[in-house]
Structure formats: structure tokens, C-alpha cells
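The entries follow the order in which I looked things up.

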Amino acid sequence: MISVLIVDDHPVVRQGLRALLEVQDDMTVAGEAGDGPAAISLAESLRPDIVLLDLKLPGMDGVAVLRPLRAAGLRVLVLTSATEPSAAAAAVRAGAAGVVYKDIDPAALVRAIRSVHDGNVLLAPEAVGSLIRGSRADTLTAREREVLAGIADGKSNREIARLLRVSEKTVKAHVSAVLAKLGVQDRTQAAVYAVRHGTA
């Protein structure tokens, strides 16, 4: 059962999301929050599998809420009406595992929650542009491309090492090189790059 914490400042949106999720056989609503501080407090006490987070919140914006949630090891799927690519990019940089927009089809939202829960990175295509602009994949070696493909598949360093028959330490070095060459900060951004550019 996937437990979901709904964070949105509009009660009618929270009510609609709760109704959608509670009819799913594999989902349960852990709780609801209408602002950033409440979201952080509830997330830390409830430890939901997924936090469904709006970026436009009173008092504390969603990106600021994201950082402590990610630091606590929680997976966050951003559901926002903020369609500027820069907002989505900021959310991913702060640790969001996915970004989708509020005009998403309800069935697609349910699939997105399941996908993020399974460890995948999920971004609405419109959200990716500013995140990867200026990055370069043509400087990656063949081995670094193999490591990037492993990252895009959600594999750990240990799993990639086993797959490529090299040490975990070697994989870690390759991961660092991949992040530096692509100009991204973490594995999530590297995976997004790989998916967007077909390098995985």
C-alpha cells in the first residue's frame, strides 16, 4: 500500500486528490497539509511513501519545503500549476523525484505516483528544458555512458558495479565524472538528462 501525504493550500484540490487516491486499491492518504510548515511536520511524523506537493504554498514555497523532505529521505512528486520551466527545474534541483502539472489526467497522476514510488524519475516533458540547457553529453566516455544508463534505470552504484564487472569505487568515480561533465548536481538530474537526450 502506497501512503501519500497531500500538500496543497486549496481545500477543494486536497479533497479531489483524496477522492481520487482513496479509490485506488494500492493507495491510502496518510494526511493533508495546507502550508509548508505543516507539510514538513506531518511528513516527519507520518513518514509517507510519497509526498504530493504543490509549489505555491502560503508562508513557505514548495521548493523550500522540498529540501527538508528530501533530507529526511522522503520521495516527493510535485503537482503544480506553476508552468514556468524554471520552477520545475528548481524543484528537481531541490530533490523532487518528479514534476507534473495540475492539468494532468487523473489516471496519469495515479501512474505517476506509482512510478515515483517504484524509484523512477518522472518529469512532464515541458518541465525539463531549463534543467538541462547547456549540458554536454558528447564528452562522456563509453564507460561513463554505461554508468549513466545504469543511473537512468534507477540502479545503485553496487548494482552498476556488478553489471559492469568493476568495483563500486570505480563506479563512484565514474558517477562523479558524469555529473561534472553534464553540469548537473545529482543522480536525479543525470537521469533526467539521459531520458531527455536518449543517452541511456
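The entries below go from the whole chain to the sheet, a helix pair and single residues.

**Entry 1. Basis.** I worked from a predicted model, in which local features need pLDDT of at least 70, side-chain atom pairs count only at pLDDT 80 or more, and totals for chains, interfaces and linings use all residues. I numbered residues from 1 along each chain as its sequence is written, and side-chain values use heavy atoms, with hydrogens and water left out.

**Entry 2. Whole chain.** I found 10 helices and 6 strands in the chain; these are DSSP runs numbered from the N terminus, helices being H or I of at least four residues and strands E of at least two. Of the 200 residues, 47% count as buried, where buried means under 20% relative accessible area, exposed over 50% and partly exposed in between, with a 1.4 Å probe and protein chains only. I noted an accessible surface of about 9400 Å², of which 51% belongs to carbon and sulfur atoms; the areas come from the Shrake-Rupley method with a 1.4 Å probe, and for residues only the protein chains shown count as cover. Among contacts with a separation of 6 or more, residues 24 or more positions apart account for 65%; contact means heavy atoms within 4.5 Å.

**Entry 3. The sheet.** In what order do the strands of the open sheet lie? I read β2-β1-β3-β4-β5-β6, with parallel pairing; two strands pair if DSSP finds at least two bridges between them. The edge strands, each pairing on one side only, are β2 (27-33) and β6 (122-123). Helix α1 (residues 11-22) packs on the sheet and touches β1, β2, β3 and β4 (75-80). The direction of α1 makes about 165 degrees with that of β2.

I then went through some of the pairings. Strands β1 (residues 2-7) and β3 (residues 50-53) run parallel and are joined by 4 bridges, and L5 has V51 of β3 as its bridge partner. Strands β4 and β5 pair in the parallel sense over 4 bridges, with T80 partnered by Y101 in β5. Between β5 and β6 I found 2 bridges, again in the parallel sense; here G98 stands opposite L122 in β6.

Which way do the residues of β5 (residues 98-101) point? G98 and V100 point one way and V99 and Y101 the other, and all are buried.

**Entry 4. Helices α2 and α3.** The axes of α2 (residues 36-46) and α3 (residues 62-71) come within 9 Å and cross at roughly 10 degrees. That angle makes α2 roughly parallel to α3. Axes are lines fitted to C-alpha atoms, for helices over the stretch in contact, and angles run from 0 to 180 degrees between N-to-C directions; under 35 degrees counts as roughly parallel. G36, A39, I40 and A43 in α2 meet V65, P68 and L69 in α3. The contact divides into 6 nonpolar residues, 1 polar and no charged; Ala, Val, Leu, Ile, Met, Phe, Trp, Tyr, Cys and Pro count as nonpolar, Asp, Glu, Lys and Arg as charged, and the others, Gly among them, as polar.

**Entry 5. Two single residues.** G62 lies in helix α3 and is buried, at a relative accessible area of 0%. Beyond its neighbours within four places in sequence, G62 is in contact with L53, D54, L55 and L57. From G62 to T80 I noted 9.4 Å, C-alpha to C-alpha, and 18 residues in sequence.

Leaving aside neighbours within four places in sequence, I listed R143, E144 and V147 as the contacts of H174.

How values were computed:
Angles under 35 degrees count as roughly parallel, over 145 as roughly antiparallel, 65 to 115 as roughly perpendicular and the rest as oblique.
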